[in-house]
Amino acid sequence: MSIARRSGELVLLPVLDPNRAAPFYEQLGFRVTSEDPEEVVLEKPGMQLVLERVDVLERDDGRPRIEIMVDIDVLDRIWRGDSRDEPTLPGPTLAPEGVFEYRARDPSGNRVRITAPLPEPDVP
Amino acid sequence: MIDELESDRPLAERLEVARAEPPSPEAALRIALCAALAMRTQEAASALRAAADGASPERHAAVATLVALWSGDPRRALVAAERAPDHPDARALAAEALRLEGDHGGARERVEGLLEVHPFARLVAAHTHVDDEPARTLAMLAGVERGGVLGARARRIRARAWLAHDPPEPLRARDELSAGVWRLARLGAPDELGRAYLLMAEVEGLIEGGAGGSRAASWLARAHPLLTRTGTSFDQALLRSAFRRFGRRAIDRLVDRDLERPIEGFRRVGARATDLSRAAEEAHSDEAARRRLEQDLRDALADLTDQGESLIAALEGALVDKERTGRLVDVVRGLFLLAHEGTLDHEIPRLVLSLGGESATLGLASGSGWSVVSEAGSRPPELGALGTALTSALADGSARVLGTDDRVFGVVPIRAGDAERVLVLRGVGRGGRAAEVERLQVVASVASAAYEQARSAEQLRLAAARDAATLEAIRDAIVTLDRRGRVRAINGAGAALLAVPAADAIGRPLGELPGLAPLAEAAERAVDDETISLRHVDVLARARKFEDGVVLTIQELGRARQLAHKLVGSSARFTFEDLVGKDSMFLDAVADARRVAVADVPILITGESGTGKELLAQAIHNASPRAAHPFVGVNVAAIPRELLESELFGYESGAFTGARAGGHAGRFELAGRGTILLDEIGDMPFDMQAKLLRVLQERSVMRLGGTRVVPVNARVIATTHRDLERSVEDGTFRLDLFYRLRVVHLRLPALRERPSDIALLVEHHLARHAERAGRAPLRLGSRVLAELERYRWPGNVRELANLVEGIASLTPIDAEEITEVPQVLRRMSSRPAPPRSVGPPAPSAVEPLDEVERRAVAQALAAFDGNVLQAAKALGIARGTLYRKMERYGLKE
């Protein structure tokens, strides 16, 4: 199995090094619940993510392997972190369905689509 | 200001920071700015009012322009910008106001010369070309990558330009908006976000083609709550237009939601107006309470009008189904125009009948039955047959539709104050029963509110008539101005003092009346008892701002002074002209005093006895804006310790044995807005120092035995011959009080330090004597003058004045010159100057034992940070003894 599978709220994602990939997902709001060299299990409300170790990743077809929804502040933080290394990096964009979208790669090179819902501003 | 427009920091955070700043005009302006951008318009307006005093007029005007603009009132913005015609921010914002008013040429003209230096000006100019020359807009905004509201707006304008482009480029427009929305979402600017969503709906509609699809509708649904609550009327017109094109299906649901708020608002404000008008009627014996309630009632009426406008806007927003709701708008407008209860009674059936139906009857509950007030239509319904249904409708306040299809009645309860009315319509319900109930509910709410409006307006009309009579009865001159500074009322005393006929003044800006521009400017600054020089008279003016304008109370300065002195029985006679001397140290002190006279800060004057400390204090008072108010002096050293507190702060009757019936105002109260001189402050008992400090910090006093807090507005000038810094070191004077009193420190030199002034002072006092005695001025022989200059003058100028008076009195009336050194002076001059710090102290320097003990106790307590046990040990006395001594000397703090 080399692509992410969704099973209800469970996502299995192949990575080259689960322990190296885990911190990336932690900044997206996941919490590590178990870890060993072969597999790290993470959780966030409504979703369980299992990072499975593989020797070779499947060929990159340009599509994201996993989509994770965060709130806008987290998205902003991640983008700002990335743009520190690459100042011309485009910021999150507004997807037609009305969410902010930002495409990142995890330490194994998996494409990750990070989305944030539009905020509901405080209208006086 | 542009910094705030360009900042990416969330507005809510910025607002919090500004609110937490210590109050100042600048902080208030920052609050106004951030609140306006966050669409907290009321907070913005209130902060702007708070900043009116003390802020730079130009900056205030620029922020006022932004606040008006962001409140959707470009005309008010233009008026505000007029106050700072050269301020770049105000110019750029005024240009935006002109653009919104459709005057694109005027907008471009207003920002001429600013385009390269002011990003907002560039933005406005680019915006004016967006429909006709989108390429030009894009060129002007190319490379403008700025943050905050300004950056987001630049993106939106570019997006519009891409849509207006030939051919349209919706994908590029979407990219621009996408970046703009991201920025706005973080900022929390709901109006700007609403506009971006609305434009996004247009973009998606164009991409989806035809009447748009679900994406366009979903963007409209996002824009709708933001723009209906924070958008301008222009935004809302665009929203309606977009709904007609892309979101027909979504609209009904949204419209229903829109109506809920104003209807609920009506209920709330109507109920409040009822309560207030009832309370105002009941409060006739308490004038202050009644006035407060009437002001609240005015506010409630203004709220009611706002709610009416919201409802009309909401109904107009629902004009997609014009047949269903269109006439309702006319009915609502009609109801609000009928300002009298009698007219409403007469017109309501006819007006409401325009919504449909055959006939209508308006009834009024009386006793257990109904009386018909008015009817319209061919066969008006009879109320008796529907009795129970009418009572139920009134009980729960809900409109209802009764009966079957061929005989349908609409029942509209109308409750205002204590009056219960009900409107019954025959033949309604053709458009569907639920929709009909909804419409009738709108009528019920609006009619109740209209009755309440009529009742409240009548009450206020009566109050206004009474106020006009009251105004005439007031002896002071009173002028009321509206928000634009136009004279709304002026009483007889006002017309006489300002030399302007009331008929000429009313309706005209005060500043345009001959010679009254300084008064208009004072009103704008909300002065508080300030002396204003008019062409023909000096006046004392006080301006109080209120929601609708300003009330100016004006007194002729001379009369105000007389009155103040009569009331207090204390006055300041001396001015700076009475201070005689040319010694540089003395002149420096006087120059400093002149400078600080106008600044409202506490002053400490030190100098040996007789150097003229009180005279200087009086001169400062007379040169200050408080000159028309009392000058009250208290010699702290001369008042027994037990009486000092009641003397300074006053007492209520029965506060202590011997207290005067009816109580007694303290010196702080008597000083009012004038000056209080605390003479010999260095001799104030330690316990009183703490009380004085509290009064100065809290700016209020409470009389002994009293419960009412009296505000302290007087300026404090303190004097002492003591070295207060030394007293602080000794522990006999509080450091915190010292710093509070010594904001400005003026030191008057001793006479021996300014010997060159002796001749001048002698001459001055001889001239005064001659004038009083009615004789020719005397001259002083050179030998005598030399003697005087040799003398050390321990009693300083006071001693010299007394001596000169004495010599002059003893000189024969026909003499022209004093040539003999009088005996008394010879005695004094021959006495050697007392050595300083050597030998036994002079009799006056010997301190009573009590004082020595008190200082020892105070020092010990200060040395051990108030630890009584340690202080007692150090003093070699028992702790109990120390407590008793602390009690005795008032050191139990």
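Tutor: In this predicted model, Ser624(B) sits in the loop that runs between helix H27 (613-622) and strand S12 (631-635) of chain B. With a relative accessible area of 6%, Ser624(B) is buried, because the limit for that class is under 20%. Its side chain reaches the backbone oxygen of His621(B) at 2.8 Å. If neighbours within four places in sequence are left aside, Ser624(B) is in contact with Ala597(B) and Arg715(B).

The chain around this residue can be described next. Chain B has 39 helices and 21 strands. Of its 893 residues, 49% count as buried, and Ser624(B) is one of the buried residues. Taking contacts in chain B between residues at least 6 apart in sequence, 62% join residues at least 24 apart. Chain B exposes about 41,700 Å², and carbon and sulfur atoms supply 51% of that area.

The contact with chain A involves 19 residues from chain A and 20 residues from chain B. About 1,700 Å² is buried between the two chains, with carbon and sulfur atoms giving 63%. Two salt bridges are counted between chain A and chain B. In one of them, Arg186(B) pairs with Asp76(A), and the closest N and O atoms are 2.9 Å apart. Three residue pairs are in polar contact across the interface. On the side of chain A that touches chain B, helix H2 (72-85) and strand S7 (93-94) of chain A are the elements that give two or more residues. H2(A) provides the largest share, five residues. By type, the residues on that side of chain A are 13 nonpolar, two polar and four charged.

Note on methods
Residues numbered from 1 in each chain as written. Chains lettered and ligands numbered in written order. Predicted model: local features only at pLDDT ≥ 70, side-chain atom pairs only at ≥ 80, totals over all residues. Heavy atoms only, no water. Helix = DSSP H or I, 4+ residues; strand = E, 2+ residues; numbered from the N terminus. Buried < 20%, exposed > 50% of the residue type's maximum accessible area, 1.4 Å probe, protein only. Polar contact = N/O pair within 3.5 Å; in protein donor to acceptor, adjacent residues only side chain to side chain. Contact = heavy atoms within 4.5 Å. Areas by Shrake-Rupley, 256 points an atom, 1.4 Å probe, with all protein chains shown as cover. Buried area = accessible area lost by both parts, 1.4 Å probe. Salt bridge = Lys/Arg side-chain N within 4 Å of Asp/Glu carboxyl O. Nonpolar A, V, L, I, M, F, W, Y, C, P; charged D, E, K, R; others polar.
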